[in-house]
Amino acid sequence: MKKTLLTGIQPSGNPHIGNYFGMMKQVVDMQDEYTTLPFIANLHSLNTIQNAEEMKKNITNVVIDYLAIGLDPKKVTLFKQSDVPQTTELCWIFNTIVTMPYLMRAHAFKDAEAKNKEISVGTFDYPILMAADILIQDTDVVPVGKDQQQHVEMARDIAEKFNRIYGETFKLPEAIIKKEVAVVQGTDGQKMSKSYGNTIPLFTSEEETEKIVMTIAMDSKGIEEKKNPDDYNLYKIAKLFVNKEQDTEIRAMFENGGVGYAEIKKYTAKIINDYLRPMREKRKELEKNPERVLEILEKGGKIANERAEKKMMNVRKKCGLR
Ligand code: AMP
Ligand code: TRP
């Protein structure tokens, strides 16, 4: 029997190469080995997107993104979180066994609080809904970027607590975090994130990609100086995309000296564009047929819903609700 892999992505607009290497690519790479359940976390997104048209458009877009990077809808169950409303029922049950001080330790909550934002109850409860997403599908592994590690650990804690109170019910999930891409850096050297405005979008024009690469922060060393490529953010980004020969070439540009930063950046942009071109072309094709997206989601939604309902029958029984 194959193990189960599940991961969610919020429909928050154009994904960047941090999302791609940190999480999306892992799902594509593992789709043969696992029973794979990627889903669109639209209920989580209600905390930030409160406009029906924008929500619908973003959902279609994420599905097209996933198909363009190579997710095969014949192999995986791709679904919308809102097609599994049992998740919110389970979230409520978890709400009754998790304490406020425990949830207050979540990084996402602490960050929001530090920024003095008016935090919605939905934002506070975010990790519990995420735990319900994971546990309701008997998930074994959850591929995510480093920033989601704590949330997966919380899901484990919640599973353990439920099992302690009501008897063995939930599997303990494990996060899969690839070390080299746990945190992909942005053009300014901070973690790549939409909120920092330092992203390289996965799906944009080649010209735009080059323009963004040209803005990557460097230092003031002279052209002739020999440099260690590993000290540079530009190289760390390039490294995600290079093959062996390209790696040798770009390292030499730094190590031998004599090549200006503009030239190294142009070469990096070319490497990135060459790598992404097939996905970008495929995306353009897929865009022409949005009805297909709806069919895929409908089919995936049914399967995910059936799995969740089966699990919930047992949970309701354990809690004396049924
Ligand atoms: P988000 O768009 O922040 O909801 O992230 C979607 C997924 O991409 C999550 O699994 C994140 O951990 C991952 N991710 C986001 N930004 C980065 C980054 N800069 N490096 C690696 N992974 C990332
Ligand atoms: N919190 C995740 C993010 O922002 C999205 C998400 C929701 C998720 N539910 C999940 C990821 C369950 C993995 C498993 O990236």
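## Salt bridges in a predicted model

Glutamate 285 and lysine 288 join their side chains in a salt bridge, with 3.0 Å from N to O. The term denotes a side-chain nitrogen of Lys or Arg within 4 Å of a carboxyl oxygen of Asp or Glu. Both glutamate 285 and lysine 288 are exposed; here buried means under 20% relative accessible area, exposed over 50%, and partly exposed in between (1.4 Å probe, protein chains only).

This is a predicted model, in which local features need pLDDT of at least 70 and side-chain atom pairs count only at pLDDT 80 or more, while totals for chains, interfaces and linings use all residues. Residues are numbered from 1 along each chain as its sequence is written, chains are lettered from A and ligands numbered from 1 in the order in which they are written, and side-chain values use heavy atoms, with hydrogens and water left out.

Across the whole structure, 16 salt bridges are found, including those tabulated here.

| Salt bridge | Closest N and O atoms |
|---|---|
| Glutamate 53 and lysine 56 | 3.7 Å |
| Aspartate 274 and arginine 277 | 2.9 Å |

Helix H3 (residues 52–68) holds both glutamate 53 and lysine 56, three residues apart, about one turn of the helix. Helices (H or I, at least four residues) and strands (E, at least two) are DSSP runs, numbered from the N terminus. Glutamate 53 and lysine 56 are both exposed.

Aspartate 274 and arginine 277 lie in helix H13 (residues 261–287), three residues apart, about one turn of the helix. Aspartate 274 counts as partly exposed because its relative accessibility is 26%. Arginine 277 is partly exposed, as its relative accessible area is 29%. A network of salt bridges links Asp274 and Arg277 with Glu206 and Lys270.
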